[in-house]
Amino acid sequence: MANTLDDASHVVIIVAKKNARYDSDFLLQTLAKRNLPEDQMQMALDRYKKFQVHDMKIADDERALFEWTRKNTYIALGNMLTGAAMLGIDSCPVEGIDYDAVTQLLTEEGLLDPEDYGVSVAATFGYRSREIDPKPRKPLDELVVWAK
């Protein structure tokens, strides 16, 4: 992984919201930005509550809430990697980072409030300096089971 980070021209650090409970100011403000009618706003809040309290049972678990928001950052990560590929830019998702060191660096630079956000994942972007051999991959039929 170190080579990926060392060789990349750009590194993006994606952060995830901490304590994004269904009744948090953060979630209320996020939904308010959608300018929903009051009844739709309440329906959205009810769905988040049901999801966090009944379906996933994470509403009272700070770590589980953070892991939920981290998982959501992977949607953005996937789109970033796909968009880069469409532009001919090489990219690589990177999870094996020193989270404490990255958090400290971002905090010292005034880019992160560790009380509100945590480091989720990184991605590197750039143009390869040399051709690389493709990695051996398992055949698709060993990885996928098609439901009929």
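This is a predicted model: local features need pLDDT of at least 70, side-chain atom pairs count only at pLDDT 80 or more; totals for chains, interfaces and linings use all residues.
Residues are numbered from 1 along each chain as its sequence is written, and side-chain values use heavy atoms, with hydrogens and water left out.

**Exercise 1. Classify the packing of helices α2 and α3.**

Step 1: locate the helices. Helix α2 covers residues 25-32 and helix α3 residues 38-55. Helices (H or I, at least four residues) and strands (E, at least two) are DSSP runs, numbered from the N terminus.

Step 2: take the geometry. The angle is about 140°, and the axes are 11 Å apart. Axes are lines fitted to C-alpha atoms, for helices over the stretch in contact; angles run from 0 to 180 degrees between N-to-C directions.

Step 3: apply the classes. α2 and α3 are therefore oblique to each other.

Step 4: list the contact (heavy atoms within 4.5 Å). α2 supplies Leu27, Leu28, Leu31 and Ala32; α3 supplies Met41, Ala44, Leu45 and Tyr48.

Step 5: sort these residues. Eight are nonpolar, none polar and none charged. Here Ala, Val, Leu, Ile, Met, Phe, Trp, Tyr, Cys and Pro count as nonpolar, Asp, Glu, Lys and Arg as charged, and the others, Gly among them, as polar.

**Exercise 2. Describe the aromatic pairs of the structure.**

Step 1: Rings of Phe, Tyr and Trp (its six-membered ring) pair if their centres lie within 6.5 Å; planes under 30 degrees apart count as stacked, over 60 as edge-to-face and the rest as tilted. The structure holds two such pairs.

Step 2: take tyrosine 48 with tryptophan 68. Their centres are 6.3 Å apart and their planes at 75°, an edge-to-face pair. Tyrosine 48 sits in helix α3 and tryptophan 68 in helix α4 (residues 62-86), 20 residues apart.

Step 3: check accessibility. Buried means under 20% relative accessible area, exposed over 50%, partly exposed in between (1.4 Å probe, protein chains only). Tyrosine 48 is partly exposed at 24%. Tryptophan 68 is buried at 17%.

Step 4: take phenylalanine 51 with tryptophan 68. The centres lie 5.6 Å apart and the planes at 45°, so this pair is tilted. Phenylalanine 51 belongs to helix α3, tryptophan 68 to helix α4, 17 residues apart.

Step 5: Tyr48, Phe51 and Trp68 form one aromatic cluster.

**Exercise 3. Is serine 120 buried or exposed?**

Step 1: Serine 120 lies in strand β3 (residues 117-126).

Step 2: read its accessibility. The value is 0%, so serine 120 is buried.

Step 3: name its partners. Leaving out residues up to four places away in sequence, serine 120 touches Ile14, Val15, Ala16, Arg70, Thr73, Tyr74 and Tyr99.

**Exercise 4. Examine the phi angles of asparagine 19 and asparagine 35.**

Step 1: Most residues other than glycine have a negative phi.

Step 2: asparagine 19 has a positive phi of about 55°. Its place is the loop between β1 (10-17) and α2. At 31% relative accessible area, asparagine 19 is partly exposed.

Step 3: asparagine 35 has a positive phi near 50°. This residue lies in the loop between α2 and α3. At 68%, asparagine 35 counts as exposed.

Notes: Angles under 35 degrees count as roughly parallel, over 145 as roughly antiparallel, 65 to 115 as roughly perpendicular and the rest as oblique.
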